[in-house]
Amino acid sequence: TAETAGAAMVVGSGSERDPRDRQGVAHLLEHMLFQGSVKYPSPTEYKTFLAASGGSGNAFTTDQFTQFFFTVLPENLEAVLDRWSQFFIAPTLNYTSIVSSIQAVNNEFLKNVPQDDRRLQQLQHHLSAEDSAYHHFSTGNTETLSHPDIRDRLAAFYTTYYKAPEMRLVLLGSQSLDVLQGYAETYFTAAPKGSTTATTTSTEVKSRAVPVGAWDEPFPPNLTGRWITVQTVSDVRQVTFRFTIKPLQARYRAQVGELLSYLMNTKYHKSLYSVLKALGLISSLSVSTEHLSYVTFFGVTVSLTEAGLSNIAEIGQQLFEFVSLLRESPEQCRSSWEQMVALSNLTFTFQSTPSTSDFVGNTAQAMLVTTDIEDLLGN
């Protein structure tokens, strides 16, 4: 039985679907849904009631989805769902809350400005092809959002994308499955219907949409092979080698990114990490894989020593030689994959119980990719 109850709703539309002339609309809409509904019009109703019920909640917007979630004492789950479900049925999007919500979005923007990871993320968006879905400013600020037509733009975005086929809902509680299913049917049946927008673009919203699973290269040949030098805010010495490959999101079972990370970053003497460490060029190495529906980004980031700072080309040479070695060693890759699977099985078997918010949120996100029950539980 769950000590706390909770819920998560993931809407399969994020900042990539912002109108090109109103960047940040998806993020602003996330804030606005907390500001009252037709059934509960007070902008403070939901947050006040949730806190009084022993709960907490939040939301966030990514490139490709927006997630809302909360946790609460089990006995108060239904009452909170009654209020929270109205986010996805009939929000007021009232004018009086728009100004304060834009200011809240702008405050997030200002908070992100001195953060190196956010600066690098936005630089990647900026350097991509201008006609790519990846080329956008996700957060928004007063400059991009303070326009007379902003409520109309919010309403158009909501009408276009906030509908049942785009939504994934997860409920967790100590109640029986029949009761939890009853909650879902009672409080969410009224969510707007309609067909999926995964392969369409609303002319009213005027965003750049890409069919799910289609290959859309954000960095065509004329925008690759570049060396970008960035002056950081914090004192760091890092180099990232970043690659775009065809989308692997639907092939999640293969664990391609995880395998490459395992091969490159283990401590055995032939790994990329061990080779570069032995040469005195790096102090650490990390591997990242970012899956979008139309592209996968693969990155290798190293923290440089003084020697590494003046030998970046050598680090790149070692990286490409290592990749070539992997191509020529399929049996070694298979053996390493089996080792990784065995370790993952042990980790899964002896894992600690995830938090309620992590469980509902991660499961709802995974449901955008699969509905296979074993894979969802394995996630």
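Predicted model: local features only at pLDDT ≥ 70, side-chain atom pairs only at ≥ 80, totals over all residues.

Q: How does one find empty space in the first place?
A: Rolling a probe the size of a water molecule over the atoms shows where space is left empty. In this structure, one cavity of 30 Å³ or more turns up.

Q: What is the volume of the largest cavity, and which residues line it?
A: Its volume is about 70 Å³. Among the residues lining the largest cavity are L33, F34, Y40, P43, R83 and F87. By class, that lining has six nonpolar, four polar and two charged residues.

Q: Now the second largest pocket: how much space lies in it?
A: About 1,700 Å³. The elements giving two or more residues to its lining are α5 (116-127), β5 (238-245), β6 (282-291), β7 (296-304) and α12 (312-327).

Q: How many residues line the second largest pocket, and which lie nearest its centre?
A: There are 44 lining residues, and Q124, V239, T240, F241 and R242 lie nearest the centre. Sorted by class, the lining of this pocket holds 21 nonpolar, 17 polar and six charged residues.

Q: Why does I228 count as partly exposed?
A: Partly exposed covers the range between buried, under 20% relative accessible area, and exposed, over 50%. I228 falls in that class because its relative accessibility is 42%.

Notes
Residues numbered from 1 in each chain as written. Heavy atoms only, no water. 1 Å grid on protein atoms, 1.4 Å probe; cavity = no way out; pocket = protein on both sides within 12 Å on 5 of 7 lines; lining within 4 Å. Points joined across faces, edges and corners; volume = space filled by probe spheres on them. Helix = DSSP H or I, 4+ residues; strand = E, 2+ residues; numbered from the N terminus. Nonpolar A, V, L, I, M, F, W, Y, C, P; charged D, E, K, R; others polar. Buried < 20%, exposed > 50% of the residue type's maximum accessible area, 1.4 Å probe, protein only.
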